[in-house]
Amino acid sequence: MDYARRLVAWVRAEGEALDAAIAPSLQRWDLARVSLMLRLILRLGLGEARFAPEVPSRVILDEAVDLAHKYDGDEGAAVVGDFAIAAMSQSLSVGLAGVSR
């Protein structure tokens, strides 16, 4: 539980910086029009990738897609998947680049 609390606190503190890193990688989506729940899931996924680089990217991606599907439906899961693909294929320094971590 301590890990989750520290992660959430870090994500809250870095929200604007995380949004700035997320927005350019959203293909076919505008961050301002993405639901709050989905925005929080994206922030949490990227935040975990930056906060805990020892956690494999694939694990973070799978968890983010599962959360998005559960709380935002198929479209939300597609947004998360599109973001991850764009981030990895462009080798962005957003913490998700490099699936093999």
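Modeller: What follows starts from the pocket and then turns to the helices and their side chains.

This is a predicted model, in which local features need pLDDT of at least 70 and side-chain atom pairs count only at pLDDT 80 or more, while totals for chains, interfaces and linings use all residues. Residues are numbered from 1 along each chain as its sequence is written, and side-chain values use heavy atoms, with hydrogens and water left out.

The chain has four helices and zero strands, in the order α-α-α-α from the N terminus. Helices (H or I, at least four residues) and strands (E, at least two) are DSSP runs, numbered from the N terminus. Of the 101 residues in the chain, 40% are buried. Buried means under 20% relative accessible area, exposed means over 50%, and partly exposed is in between (1.4 Å probe, protein chains only).

Now the pocket. Rolling a probe the size of a water molecule over the atoms shows where empty space is left. The search uses a 1 Å grid over the protein atoms alone; a pocket is an open set of points where a 1.4 Å probe fits, with protein on both sides within 12 Å along at least five of seven lines, and its lining residues have an atom within 4 Å of a point. The largest pocket has a volume of about 160 Å³, where volume is the space filled by probe spheres set on the points, and grid points are joined across faces, edges and corners. Its lining consists of Tyr3, Ala4, Leu7, Val8, Ile41, Leu44, Gly45, Glu48, Ile60, Glu63, Ala64 and Leu67. Helix H1 (2-13), helix H3 (36-51) and H4 are the elements that each give two or more residues to this lining.

Three of these residues can be followed further. Val8 belongs to helix H1 and is partly exposed, at 42% relative accessible area. From Val8 to Gly47 is 39 residues in sequence but 8.5 Å in space, C-alpha to C-alpha. Ile41 sits in helix H3 and is buried, at 5% relative accessibility. Ile41 and Asp72 are 31 residues apart in sequence, with 9.7 Å between their C-alpha atoms. Leu67 is part of helix H4 (residues 57-89) and is partly exposed, at 32% relative accessibility. With Met37 and Tyr71, Leu67 also makes a nonpolar surface patch of about 270 Å². Patches are made of residues with over 30% relative accessible area and no salt bridge: like charges are joined within 9 Å, and nonpolar side chains (Val, Leu, Ile, Met, Phe, Trp, Tyr) within 5 Å. Accessible areas come from the Shrake-Rupley method with a 1.4 Å probe, and for residues only the protein chains shown count as cover.

Side chains of opposite charge can pair when their charged atoms come close. A salt bridge is a side-chain nitrogen of Lys or Arg within 4 Å of a carboxyl oxygen of Asp or Glu. The whole structure has two salt bridges. One joins Asp2 and Arg6 (3.3 Å, N to O). Asp2 is exposed, at 53% relative accessible area, and Arg6 is partly exposed, at 44%.

Another joins Arg43 and Asp19 (2.6 Å, N to O).

In helix H2 (residues 15-22), the buried residues are Gly15, Leu18, Asp19, Ala21 and Ile22. They lie on the same side of H2, because they cover an arc of only 160° around the axis. That arc is taken from the directions from the helix axis to the C-beta atoms. Glu16 and Ala20 are exposed on the other side of H2.
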